[in-house]
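Please write a short report on the backbone and helix packing of this structure. Cover the loops, then the helix pairs.

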Amino acid sequence: MTGVQTCALPISKWIDSNKHLSICAGLFEYVKEIDNQLLENCFKKAKKGRDVNALNNIVNSIVENYPKYKDLKSLFIQSIKELTRNNNTRWVNNIWYRPESIIDSLDEKGYDVIIENLILIPRVDYHVEAILMPVAVKYPNKVIKFFNKRVMKKTKREDDISYDAIPFDLHKINEPLQKHAKVVINEIIKWYSQKQARLEWEAAHLIQAIFPSFNKELEKKLIGLIKSKKEKNNKIVLSILRAYRGEPFLHSVCKNFVKRSPHVEKFKSSLFIALSQTGVVSGEYGFVNAYKQKLEEIQSWKKDKSKAIKSFLKEYEDYLNKRIASEQKRADEDLELRKREFGIPDA
């Protein structure tokens, strides 16, 4: 007689009496076998009573015994639906680390249920990314739509600082998403058609998180937007460029912008800003050194025979030199003030 069979009668009575549902649901996780009928009866009671502890334990029991009880996949999905209905996402912490997860075997509709639940989570951390991995591999567009829905949710909850629509960095799902670069990029670009400031900012942020070192497909897409000669498309390009830190891999797109965009004069200052962004610097003369590095990086543009490039380059060098002079003056003054305040002698 198995462990479940031994205690089936008292468990059945507890479930019928709507007592100790959480314990009943969690038992199967520890005995490593499941009485399907008992677990389904437990689910019905938990659903009616909105018992999230029992629902989470039902999920844990199914996951712990997977793939032995593959026929309980439907009950797993139903349990997640009920947890979503009750604004509960605790199940994620009990499943993300499992090497053979039921998540890997779900169909498209199953992933839709999972995604609806994950939209509730305040922050997309490593655990959430682990759950999203098989979705990113099979349905990358769903992951992008997932982030879109999170941004829309954030828009409605501006006062909720605990809810972060898109993480600063991605640690796992960026790799499978990069393999579907064309699909991913096109899906994110659609956000700009919704004409919401937060969506536009987050779209650029998400692209940078997925492609932190840029991408040939992304470069091709941005140059294509420039070639369209439409002002709205040029704005999209600049929005994405500003999400980076002026790295040299942006230069090809920027040069195409200077050569091909009929709106280059209007957006010249925006290009200067995109190219000169530095990220974090250190030391009193951190910005001075960073801008000098920008000057060095741009010297390769002098090999280009385009008059438009030569003209732009001259103005951009003037812009950088003014920034260098300004930062040099500020750093000198700050250093002198500290010397006087703390009595630091001259070197």
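Phe214 is found in the loop between α12 (197-210) and α13. Helices here are DSSP runs of H or I with at least four residues, numbered from the N terminus. Phi of Phe214 is near 70°, a positive value in a residue other than glycine. Phe214 is buried, with a relative accessible area of 10%; buried means under 20%, exposed over 50%, and partly exposed in between, using a 1.4 Å probe and protein chains only.

This is a predicted model, in which local features need pLDDT of at least 70 and side-chain atom pairs count only at pLDDT 80 or more, while totals for chains, interfaces and linings use all residues. Residues are numbered from 1 along each chain as its sequence is written, and side-chain values use heavy atoms, with hydrogens and water left out.

Lys32 also has a positive phi, near 60°, and is not a glycine. Lys32 sits in the loop between α3 (21-31) and α4 (36-49). Its relative accessibility is 42%, so Lys32 counts as partly exposed.

Another loop holds a cis peptide bond. That bond joins Tyr66 and Pro67, with omega about 10°. Pro67 lies between α5 (52-64) and α6 (73-85).

Now the helix pairs. Axes are lines fitted to C-alpha atoms over the stretch in contact, and angles run from 0 to 180 degrees between N-to-C directions.

| Helix pair | Angle | Axis separation |
|---|---|---|
| α11 (residues 181-189) and α13 (residues 216-227) | about 40° | 9 Å |
| α16 (residues 268-276) and α18 (residues 307-342) | about 60° | 11 Å |

α16 is therefore oblique to α18. Angles under 35 degrees count as roughly parallel, over 145 as roughly antiparallel, 65 to 115 as roughly perpendicular, and the rest as oblique. α16 passes α18 in a right-handed crossing; right-handed means that the near helix is turned clockwise from the far one by less than a right angle. On the α16 side, the contact (heavy atoms within 4.5 Å) uses Lys268, Leu271, Phe272, Ile273, Leu275 and Ser276. α18 supplies Phe312, Glu315, Tyr316, Tyr319, Leu320 and Arg323. The residues of this contact divide into eight nonpolar, one polar and three charged.

α11 and α13 are likewise oblique to each other. Their crossing is right-handed. Ala181, Lys182, Ile185, Asn186 and Ile189 of α11 meet Glu217, Leu218, Lys221 and Leu225 of α13. This contact divides into five nonpolar, one polar and three charged residues. Ala, Val, Leu, Ile, Met, Phe, Trp, Tyr, Cys and Pro count as nonpolar, Asp, Glu, Lys and Arg as charged, and the others, Gly among them, as polar.

Conventions:
Helices (H or I, at least four residues) and strands (E, at least two) are DSSP runs, numbered from the N terminus.
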